[in-house]
Structure formats: C-alpha cells, structure tokens
Amino acid sequence: MAVQSAPETMEQVFKWEGSLDDLKGLVSERAITGETMLLNMGPHHPSTHGVLRVLLELDGEEIVTCLPDVGFLHTGIEKTIESKTYEKGVTLTDRMDYLAPMSNNMGYCLAVEKLVGLEVPYRAQIMRVICLELTRLNSHLVWLGTHAIDMGAMSVFLYAFREREMILKMFETLSGQRLMGSYMRPGGVWRDFPEGFLQTLESFLEYFQPKIDDYERLLTKNPLWIDRTQGIGVIEPEQAMAWGISGPSLRGSGVNWDLRKTMPYSSYEQFDFNVPVGEHGDVYDRYLVRILEMRESVKIIQQALKKLPAKGPFRSENRKFVPPPRAELGQSMEAVIHHFKLWTEGFSAPDEEVFVAIESPRGELGVYLHGTGGTKPRRIHFKTPSFVHISSLPIMTQGHLIADLVAIIGSVDVVLGDCDR
Amino acid sequence: MGVISSKLGNLGVVTTTLDTAINWGRNGAMWPLLFGLACCAIEYMGTQASNYDLSRFGMELNRASPRQADLLIVSGRLTRKMAPVVRQLYDQMADPKWVISMGDCASCGGVYNNYALVQGVDEVIPVDVYVAGCPPRPEQLLHGIITLHEKIKGDSIRHWAAPQEAIRV
C-alpha cells in the first residue's frame with residue numbers, strides 16, 4: 001500500500017462516507033445494498049472513552065458489524081523515544097496510558113534494566129510494588145466512575161474521583177506531579193519516600209477499604225446495573241485467548257492468567273494475593289473482577305508496607321547507569337564525572353533486543369526494546385492491551401443493541417492513548 | 001425606600017449597562033463541550049468531579065453536542081488525524097464561543113515535536129486562553145477559566161465583529 005500523507009480536509013478523514021466500495025468485505029452485503037444502516041460513532045462521542053471511532057452496521061437497533069477506527073491519538077511516542085537517551089525515555093512512557101503512568105514507567109524501566117543487566121535493590125522493588133498497586137487503584141477508580149456514568153449512575157463517578165484525588169495527592173508528594181510523575185527510573189525509583197508518606201498511605205488504605213463496599217452497594221445488586229451488564233458482551237475463554245485479550249477482561253472470562261503470578265517481576269512472587277476470576281465473560285463479570293482486584297491491591301500494599309525495609313538504597317548504586325546523588329558531587333571527582341557523563345550523553349546499551357511484559361491495570365503491557373550499542377534505542381515498541389481490546393470489540397458487540405456497545409467499551413477499559421501511542 | 005419596597009415585594013430597579021448584563025449572563029452559565037483528547041481530559045474530569053467542582057462556576061453542564069456548547073476546552077495533544085475533527089466541532093458551535101487550550105501539547109506541541117502532532121491547536125482554531133502544564137493541575141485550569149471570564153467581562157457589544165486577542169497565562 002502506498003504511504004498516505006496526513007489528511008488535510010474532512011473529506012479525507014471521512015472518506016468512507018462517499019465510497020461504500022471501500023467497505024466491501026468489511027461490512028455485510030446488505031449494507032452495500034442499503035438494507036442495513038451504516039452509522040458513524042465518534043471520534044467525538046461522550047461514551048467512547050476518548051477519541052475512538054467506530055463504524056456501525058445496524059439492523060434496526062441491533063449491531064451487525066462494528067468496525068473500530070483507531071489512530072486519532074497517534075502521538076509517535078515510540079519514534080520520539082528513539083531520539084532520547086534511556087533515562088529521558090521514561091518521561092514519554094508516562095503519557096501513553098495516562099490512567100496508569102507508573103505501569104508504563106515500570107515496563108519501560110524493566111526493559112532497560114534487562115537490556116543493560118542492571119540490578120534493582122530489594123527495597124526499591126517493594127517501593128515499586130506499592131506504586132504499581134496504587135496506580136492500579138487509581139486506574140480502576142477512573143474506570144469505575146466513567147463506566148458507571150456511561151450507564152447513567154452519576155454518583156459513583158463523584159465518589160470514585162473523591163478517593164482518586166487522595167491517591168493523586170500521594171503521587172504528588174512522591175514525585176511532584178499528580179499524574180505524570182516519572183517516578184520510576186532505570187535502576188529503582190527517583191527518590192526515597194518522603195517523610196510521613198507511609199503514614200498517609202496506611203491511613204488511606206484504612207479509609208479506602210469501606211469505600212469499595214460503598215461502590216458495590218450502589219452497583220453490584222442494583223437491578224438496573226444487572227440488567228444493563230449481565231449477559232452483555234460475552235466472550236468465551238478460548239475466543240478471548242485467541243484474540244490476545246489480557247488482564248481483567250480475560251479473567252472475567254474465567255481464565256486464570258495474571259503476569260504477577262505467572263511471570264513475576266519486582267518481587268511479586270513474595271506476595272500473597274488472589275487472582276479474581278469471573279465465570280461468564282460478560283460485562284458484569286469484568287466489573288466484579290476489577291472490584292475484587294481493588295481489594296487485592298489493598299492487600300498487596302498492606303503486605304508491602306510490612307516487607308518494606310526501613311533503610312536501604314532506593315536506587316541501584318551502579319554509577320555506570322545511575323547518576324550519583326547531589327551530595328556526592330562536592331566530595332568525589334568520580335561522582336562529578338559520572339554525573340556529567342550520564343546527564344549529557346547517557347549510558348550505552350548493547351546492540352541486543354529484549355522483551356518484557358508486566359500486568360498493567362488494563363492487561364499485558366509488553367515492551368520490546370532494541371539497543372544500538374550507543375546511548376539511544378534503535379527501536380522500542382509497546383504491545384498495549386487497549387489496542388487488542390479495541391480490536392476484539394467486533395466479536396463482543398455482535399448481535400447486541402447499540403446501547404450495549406457503550407457498556408462493552410466501558411467494560412474492557414480502553415484508553416486511547418494506550419492504544420494509539 | 002429601596003429596602004422597604006423590597007420587603008413589600010417590589011424588587012425595585014437596578015441600573016446597569018447592557019454590556020455588563022450580557023457579560024454577566026455569559027460568565028455565569030458557560031457550557032463546555034464534553035470533549036476530551038488525552039491526559040489533560042483526565043485532569044479536566046478531575047476538575048469536574050467532587051474535589052474541584054466546576055459547577056461553582058455554572059459549568060457543570062457538559063454538552064455532548066457542539067451546537068449547545070459555548071466553550072471548547074482542547075484537553076490534550078491534537079494529532080493530524082484529529083485536527084479536522086476539532087475544526088469541524090469548532091465550526092459547529094454557535095456564537096459566541098470560546099476556546100481554552102489546555103496543556104502544553106494543545107498550546108505548542110509540548111514534548112512532541114514529531115510527525116504526528118499539530119504543533120499547537122492555534123494552527124487550527126483561534127484560542128482565547130492558553131493553560132500551561134503537562135497536564136495542568138485542576139487549579140491551573142480553573143485559573144484559565146477565571147481568566148477567560150475576566151476577558152469576557154471586558155467585551156463590549158460594540159466590538160462583536162472585531163477580532164479577539166489571545167491571553168497567555
């Protein structure tokens with residue numbers, strides 16, 4: 001296919017409107033003859049969770065075909081990272097899946113650490129686990145709020161954001177930024193937990209646990225919620241695996257697959273937690289799985305607080321990769337050299353390729369990284385869960401009503417920044 | 001006299017200029033378009049939600065249709081594929097309409113100087129207020145909104161046809 005230039009006019013963007021021949025093979029023959037209706041939904045739509053566009057073929061109100069069109073948020077992050085040193089790349093990974101920035105940081109840092117063979121101190125690993133699980137809570141709270149608001153339950157949104165604001169405040173004390181902290185760096189984390197952070201975290205967890213019951217009281221047995229979610233968007237376990245669905249959306253179908261258990265990273269193997277698994281693979285089960293995951297996350301953070309050593313390095317001390325702390329610069333010439341070297345040129349990584357995968361709140365986040373032998377990567381690619389989940393929308397929505405599409409999009413928890421990058 | 005007649009039920013007379021009355025109305029109930037692009041949209045949602053409560057400014061009513069909205073908050077990075085869509089949304093909004101460019105990406109391309117992004121939303125549509133930050137805190141967005149309100153207060157019906165200048169915060 002020839003390379004197309006960026007669209008300049010509306011006509012180029014919505015080319016489908018005029019030429020149905022382009023759609024042959026994608027929609028049924030009935031759409032070509034005009035028996036069924038083609039309807040455009042998005043990219044500006046309140047319930048597509050961002051700038052997702054779907055082209056729907058409708059028989060009455062029933063969905064015959066659903067064609068997702070992605071790329072409205074394609075930012076070129078992978079290409080931009082190729083021109084950054086390994087340390088600077090972290091900043092860009094934040095902005096992919098903007099509901100779970102720390103998970104992106106983590107995947108990227110693990111890939112860099114694997115590429116250069118950098119060890120992470122035990123304390124830093126536990127600190128990372130705390131941050132990752134807080135991020136999971138943060139992401140699931142936004143999902144819960146927006147998913148509920150799509151289905152007409154406004155109050156859950158307000159409650160969920162109230163608690164989320166507390167998590168963001170904690171992130172701010174950690175990194176100075178509410179959302180895009182870039183707190184994780186190759187070799188550990190940026191700085192130690194500030195004073196009083198652990199006490200704040202403990203009191204937050206105590207406050208938060210009963211709040212999950214509150215959300216459940218509003219939704220789980222609510223007949224309206226059950227009507228809108230049970231039996232909707234069913235995906236069988238075999239189908240889900242064949243499409244590459246991962247994370248809570250896969251576990252909602254009854255497949256026990258969680259990378260924190262199956263391929264543990266960052267000392268997750270030392271934690272005792274359950275992997276919630278659904279049964280029916282519908283919207284309701286995916287909802288339950290995420291709610292239970294929030295409870296498990298709280299458990300993991302509580303265990304991590306017990307495991308966290310009181311003292312110890314929060315970042316690797318290997319000065320070939322990790323810049324020395326400011327205090328050392330006044331005392332050691334070597335530290336000055338390392339500081340200068342790392343902040344101007346950066347560290348070099350071998351001409352090899354690595355792949356690591358982590359369990360982000362949305363599912364399996366894979367990072368493929370290829371070094372050049374120099375200080376910048378040759379290629380980095382993210383295998384993101386949202387992309388996979390959007391591509392499986394057609395099979396989930398088939399035969400459902402158009403109102404159910406909103407429920408299904410919400411239930412697989414897509415983030416378009418994660419999908420398009 | 002004024003106080004007594006109010007108590008009796010006669011509300012009396014308030015004198016003002018037509019400009020002030022119109023601008024008061026425009027400031028008090030500005031309906032934003034329910035529109036989000038990227039990370040900044042999450043902070044925008046946070047501004048809407050419990051803690052920051054945008055309804056204090058009469059802005060809790062997000063309209064999903066551009067034809068019912070007064071304010072377009074471009075929240076996030078604008079890609080080349082999305083740019084014509086935003087332009088069309090802006091064109092579909094009825095006058096008077098305002099635009100806030102929220103965040104660095106929308107204001108100037110931010111950290112992405114590459115093939116995919118429009119380097120600032122003002123290449124596509126006119127912008128009234130720029131809000132810096134990546135993403136801006138809700139307080140920063142609120143400051144941008146209040147700045148816009150201040151700007152509107154200075155408007156006069158005599159200048160309706162005249163082009164408006166941008167304010168940078």
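Two strands are taken to pair if DSSP finds at least two bridges between them; helices (H or I, at least four residues) and strands (E, at least two) are themselves DSSP runs, numbered from the N terminus. The model is predicted, so that local features need pLDDT of at least 70 and side-chain atom pairs count only at pLDDT 80 or more, while totals for chains, interfaces and linings use all residues. Residues are numbered from 1 along each chain as its sequence is written, and chains are lettered from A and ligands numbered from 1 in the order in which they are written.

In chain A, S6(A) and strand S7 (residues 363-370) run antiparallel and are joined by 8 bridges. Within this pairing, A:Val354 lies opposite A:Leu369 of S7(A). The two strands belong to an open sheet of 3 strands, ordered S6-S7-S8 (chain A), with antiparallel pairing. Strand S6 (353-360) and strand S8 (379-383) of chain A stand at the edges; each has a single partner strand, so one side of each lacks a neighbour in the sheet. From one strand to the next, the twist averages 15°. Helix H5 (residues 101-116) of chain A packs on this sheet, where it touches S6 and S7 of chain A, and its direction makes about 150° with that of S6(A). Angles run from 0 to 180 degrees between N-to-C directions, and axes are lines fitted to C-alpha atoms, for helices over the stretch in contact.

A helix pair of chain A comes next. Helix H13 (residues 283-307) and helix H18 (residues 402-411) of chain A pack at about 30°, their axes being 10 Å apart. H13(A) is therefore roughly parallel to H18(A), a term for angles under 35 degrees. H13(A) contributes A:Val283, A:Arg286 and A:Tyr287 to the contact, and H18(A) contributes A:Ala407, A:Ile408 and A:Ser411; residues are in contact if their C-beta atoms, placed from the backbone, lie within 7 Å.

Chain B contains 6 helices and 4 strands, which follow the pattern α-α-α-β-α-β-α-β-α-β along the sequence. Of its 169 residues, 40% count as buried, that is, with 20 or more other C-beta atoms within 10 Å of their own. Among contacts in chain B between residues at least 6 apart in sequence, 78% join residues at least 24 apart.

Finally, the contact between the chains takes 33 residues from chain A and 31 residues from chain B. On the side of chain A that touches chain B, the largest share, 5 residues, comes from H7(A).

Terms used: Angles under 35 degrees count as roughly parallel, over 145 as roughly antiparallel, 65 to 115 as roughly perpendicular and the rest as oblique. Two residues are in contact if their C-beta atoms, placed from the backbone, lie within 7 Å. A residue is buried if 20 or more other C-beta atoms lie within 10 Å of its own, exposed if 12 or fewer, and partly exposed in between; C-beta atoms are placed from the backbone.
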